[in-house]
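Reader: I am new to this structure and would be grateful for a close look at a single part of it.

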4 protein chains.
Amino acid sequence: MIIVMKAGAAKKDRDEVLKRIKELGYKPHVIHGTTRDVIGAVGDERGKLVLQSIESMHGVENVLPILKPYKLASKEVKLEPSVIEISATVRIGGPEIIVMAGPCSVEGEAQIVETAEAVKAAGARVLRGGAFKPRTSPYSFQGLEEEGLKLLAKARALTGLPIVTEVVNPETAELVAEYADILQIGARNAQNFALLKKVGQLRKPVLLKRGMSMTIQEFLMSAEYVLAEGNQSVILCERGIRTFETATRNTLDLSAIPVLKEKTHLPVVVDPSHGTGDYHYVGPMALAAVAAGADGLIIEVHPDPERASSDGPQSLKPKKFATLMAQLKLVAESVGRTV
Amino acid sequence: MIIVMKAGAAKKDRDEVLKRIKELGYKPHVIHGTTRDVIGAVGDERGKLVLQSIESMHGVENVLPILKPYKLASKEVKLEPSVIEISATVRIGGPEIIVMAGPCSVEGEAQIVETAEAVKAAGARVLRGGAFKPRTSPYSFQGLEEEGLKLLAKARALTGLPIVTEVVNPETAELVAEYADILQIGARNAQNFALLKKVGQLRKPVLLKRGMSMTIQEFLMSAEYVLAEGNQSVILCERGIRTFETATRNTLDLSAIPVLKEKTHLPVVVDPSHGTGDYHYVGPMALAAVAAGADGLIIEVHPDPERASSDGPQSLKPKKFATLMAQLKLVAESVGRTV
Amino acid sequence: MIIVMKAGAAKKDRDEVLKRIKELGYKPHVIHGTTRDVIGAVGDERGKLVLQSIESMHGVENVLPILKPYKLASKEVKLEPSVIEISATVRIGGPEIIVMAGPCSVEGEAQIVETAEAVKAAGARVLRGGAFKPRTSPYSFQGLEEEGLKLLAKARALTGLPIVTEVVNPETAELVAEYADILQIGARNAQNFALLKKVGQLRKPVLLKRGMSMTIQEFLMSAEYVLAEGNQSVILCERGIRTFETATRNTLDLSAIPVLKEKTHLPVVVDPSHGTGDYHYVGPMALAAVAAGADGLIIEVHPDPERASSDGPQSLKPKKFATLMAQLKLVAESVGRTV
Amino acid sequence: MIIVMKAGAAKKDRDEVLKRIKELGYKPHVIHGTTRDVIGAVGDERGKLVLQSIESMHGVENVLPILKPYKLASKEVKLEPSVIEISATVRIGGPEIIVMAGPCSVEGEAQIVETAEAVKAAGARVLRGGAFKPRTSPYSFQGLEEEGLKLLAKARALTGLPIVTEVVNPETAELVAEYADILQIGARNAQNFALLKKVGQLRKPVLLKRGMSMTIQEFLMSAEYVLAEGNQSVILCERGIRTFETATRNTLDLSAIPVLKEKTHLPVVVDPSHGTGDYHYVGPMALAAVAAGADGLIIEVHPDPERASSDGPQSLKPKKFATLMAQLKLVAESVGRTV
């Protein structure tokens, strides 16, 4: 950590800072600058964020951290990319780009089975569908809950597709884990630390969505919560951040893909449906995500978007999805991957 | 709801939209414009967000909602301001501006009791202190948990100050409610709907912090979750939103005060400590919040910020807090309130 | 335009609004809702933004525009994509994806000529290079000015590559236009309307960068300024918007590509260098932009980035640029385009 | 400047960095950390931003600046607050809070004279009014130009109020300076460096508005452009930044007041009209700005906002403005200032 003293800070103030640094178990190192002193504090600063409190001391201008605050998620700990095994044939993080597809909400047996068969035929490898739905309004459809999980399991039995579905509450996490192959943490729960710890204790792969106003560093800190509980199977999902732009529901931050690839060994997938909020833009952004290096996609598909209980405007019809899969195949090949 | 058709949309498409609007139980009303048609759908659009799905239909450009999506929080339902009773002598939302103060985290008996006595002497009416701490890093101090709640209760017994403390998990919400006078929902849980429903079922006042990337409308929707469960005692807390500016930890959105006052009957308090992240700026922003019409403040005070387990840089020392209270009194009087 | 009255607004207030709408030359149309009235104002609302002023009237809740505020840039005026002719062989907006490349600043003859030859050899079709530099700091290198323009012209003479360079001041716009093949308007001048009008009067293609905090609608309004002066050759350039994320210099908004393609006939290019600010991320984002449908790219290339006068950290070395061009070729083909 | 090496960077890479630091005229200082080396580069880093280019070197993780990039605007150069003299009786930055008021646009003689007299009677000390208007749409009213300046001068002659009006183009800056007492640089031109240099050469006080997506540091850099040309009379104006919130036109960042007061000697005024975009919110935010320490306010007042050529929804009527002035007086006194 680097402590920047104010220009003209008193020697007494500097000495107090040096004393405090030593008290905290670090080795101080002073650089005398032209207008101010800068102090390096050598030692592992993670887990001791208390060092930040030095910012309150007299004569200190600011404190700059040097180390990244995450460990297990970082490439410094594990250089080779993690490959997460979902089933005997589905692995996320390898050369194959895994497409997960299905409706926003499970609405009934016909709907989920029909969709599962359609997305499988088009080449999807995982079925998505919400049973517990976190909705902005208490008056919106909240999901079929356990009944929805059972319908997802039925669709899996019929198609062989593993399922990804959302967990919204530590109290029902184990119930969801009985049915799901991948536990999804939604954007609004991305810093719900109680929930992150809970899924860290379950031994199922976790698809962690980036929160709407989360920096990439904070995103990795949330992954670290799951990893620190002993669950090494975390898949990161970029799904758009909140910005001033209103032409799209969120701003899909595709540059998060190369940034994450540089900083972490965990696989990265992209959700162009929530990322844009409009089915017209899903195709171009799905292709772009693959070109940028994503390991997978999660796409909303609904047989009748005009009558969907949620997120109709951003859902693709099965036929459009099949066309997109054909295009994805070509783009994937152009960057040396398969779909 | 207003449905805007595309310029030159086919009559067939418009007729499909009209048919669908009627199916959904609304009465359509067509306005023929110079380049396009616009359709009004008359009926209560709340709780039927499915209308939004019309955006997926052919020939539709976009769908504009007219009604606000919240009811119980709105002034259309209740015009006079809500006054939330915390104890026999403390009420939030009345002419007195209520100052809540205390450390970010409860760290030990001496610390919390000393702080409680100091903030009481300076004029604070509620004691704040975290026992369960939601921290960005799994390696940071996570709070004393139940032990912390007991220490808060002790400080209350000694000073008479009611206490506000955070709830982070539906599983421990009842435990916290046994001790706390006000249940705080933190910014990172502001759209943790499972937690909002839970505190809606408990019969304790709730201090709901605005999420970092929440619009004011979404903030009111989260309040609506608590209200819809039957708990009418919700206090809204502006604590800064996430923007591109890095000179402050968040950007304290004081314009949220008059906006909320126009839209809701619920009281509004401001947290200048998290809102700025720097104790130098806490005083000016506290004064500004009162001038703008806030009903209360929640301020971090720590006897030894340089040694605080969390949020040292934004905590005031008791002496600075007392000076601020004296200034607050003058500003409150200038706008016809008391502290 | 749609005028939403407040719930329970007086009949008198509504009648005043109706009267005012007629005064302004529109035909009003009232829809009686369950809790409030909504009034449609039929007529061309563009150029008469004064209608917005109705928002100040008693009993009015808000005013929603229906028409897009731009005309000449919109697809309603011109459906087929515009193809901008830069030279006998270079056209932007057609099947070929045009790559523009070169240094941030022109620093000297050897540097610009060497770079021009390298980027041409790799397949770039236009040379970029700044002679007048808008720099955040008055103490930073401000460009070689006319001398820089002459060096660009020399590099063009040697390589045959047309040149794109920035215009920063109406007073020097004509000078720049004597040398340049494309006039660039930088992000910081994207709402410098005096400059937009000036380049609208010159008869040279304009590369208009999106401002850092510009919505897509505002971006099109700035294009409209140039078009309205009679210059139809506008190329839109997405170069990243300002968000809370700090891992990248800006957040490259690739979803702007399909959004713009839906709304305008103008070609769209992407600047992954400024968009990310880090050469490690330029390649993936360039590939993604092409997959998403961009008509071109503008990329910073410098023979010695460690010694560049500006923007070294985001510049590619010629060898890395050549590798990227080979990858771009494959991705372009996968989406049916050429490079 | 601090150069952070990658964990495990080669000694060769570090030596290259040390060599380059010396070449650039700095003295390097190595701190050997537990996982990586950190190098301090001692010397004045301003004006040599080229040091940033070290970020491109092998083995370098990132480069952290220590010094603020502005000099003349900083408190390190001048500790006591600057007081800008506008006329014999009007000074901005002293104990008196200066209120500037008037219409968004000058529309005609009756309008500007009537408004000038009304705001003077209520206690305003400066008259604002736009003659050259930067409008988002080329089809909106662009101002009366020189005719508007003459009308402003007439209003000044009648009331004695000095006038502030906007400059939008270096070519017309001198013309505006012939009439105006304060030259305003609008938010959209806040990084129009050609214009900043031009007003830096004129000897009139400059009211510099913060750009919509400008950090406070960049804001001070724009002030530095004016100061560096020799014009020391710069007044900073916070007018709202662009965020995701849409309930207000911009998000007025009042915390910019204490932050600027800490970093610069220049006076700070606030524009609550553009900051909120809604006249209902102007009053509370004006009071808050004064409580937070602003040296002045600039407020839009129009005798007939429903018929204003621009910005009607955010303009106060003269009667409401007079009421606000009475409240401002009380709040100003409560913080030891006058209005």
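In which sense, left-handed or right-handed, does α2(A) cross α3(A)? Please describe that part closely, and then the contact of the two chains.

Author: The model is a predicted one. In it, α2(A) passes α3(A) in a right-handed crossing. Helix α2 of chain A spans residues 109–122 and helix α3 of chain A spans residues 146–159; the two pack at an angle of about 35°, and their axes lie 9 Å apart. On the side of α2(A), the contact is made by E109(A), I112(A), V113(A), A116(A), E117(A) and K120(A). These meet L151(A), L152(A), K154(A), A155(A), L158(A) and T159(A) of α3(A).

The contact between the chains takes 49 residues from chain A and 49 residues from chain B. Together the two chains bury about 4,400 Å², of which 52% is on carbon and sulfur atoms. Within chain B, the residues that lose the most area to chain A are S56(B), Y139(B) and E306(B), which together account for 16% of what that side buries.

Polar links also join the chains. Across the interface there are 23 residue pairs in polar contact, counting pairs with both residues at pLDDT 80 or more. The side of chain B that touches chain A draws at least two residues from each of α1 (11–23), α5 (193–201) and α6 (216–228) of chain B. Its largest share, five residues, comes from α6(B). That side of chain B comprises 21 nonpolar, 15 polar and 13 charged residues. Four salt bridges are found across the interface. One pairs E218(A) with R242(B), their closest N and O atoms being 2.6 Å apart.

Definitions and conventions: Residues are numbered from 1 along each chain as its sequence is written. Chains are lettered from A and ligands numbered from 1 in the order in which they are written. This is a predicted model: local features need pLDDT of at least 70, side-chain atom pairs count only at pLDDT 80 or more; totals for chains, interfaces and linings use all residues. Side-chain values use heavy atoms; hydrogens and water are left out. Contact means heavy atoms within 4.5 Å. Buried area is the accessible area (1.4 Å probe) that two parts lose on being put together, summed over both. A salt bridge is a side-chain nitrogen of Lys or Arg within 4 Å of a carboxyl oxygen of Asp or Glu. A polar contact is a pair of N or O atoms within 3.5 Å; within protein, one must be able to donate a hydrogen and the other to accept it, and residues adjacent in sequence count only if both atoms are side-chain atoms. Helices (H or I, at least four residues) and strands (E, at least two) are DSSP runs, numbered from the N terminus. Ala, Val, Leu, Ile, Met, Phe, Trp, Tyr, Cys and Pro count as nonpolar, Asp, Glu, Lys and Arg as charged, and the others, Gly among them, as polar. Axes are lines fitted to C-alpha atoms, for helices over the stretch in contact, and angles run from 0 to 180 degrees between N-to-C directions. A crossing is left-handed if the near helix is turned anticlockwise from the far one by less than a right angle, and right-handed if clockwise.
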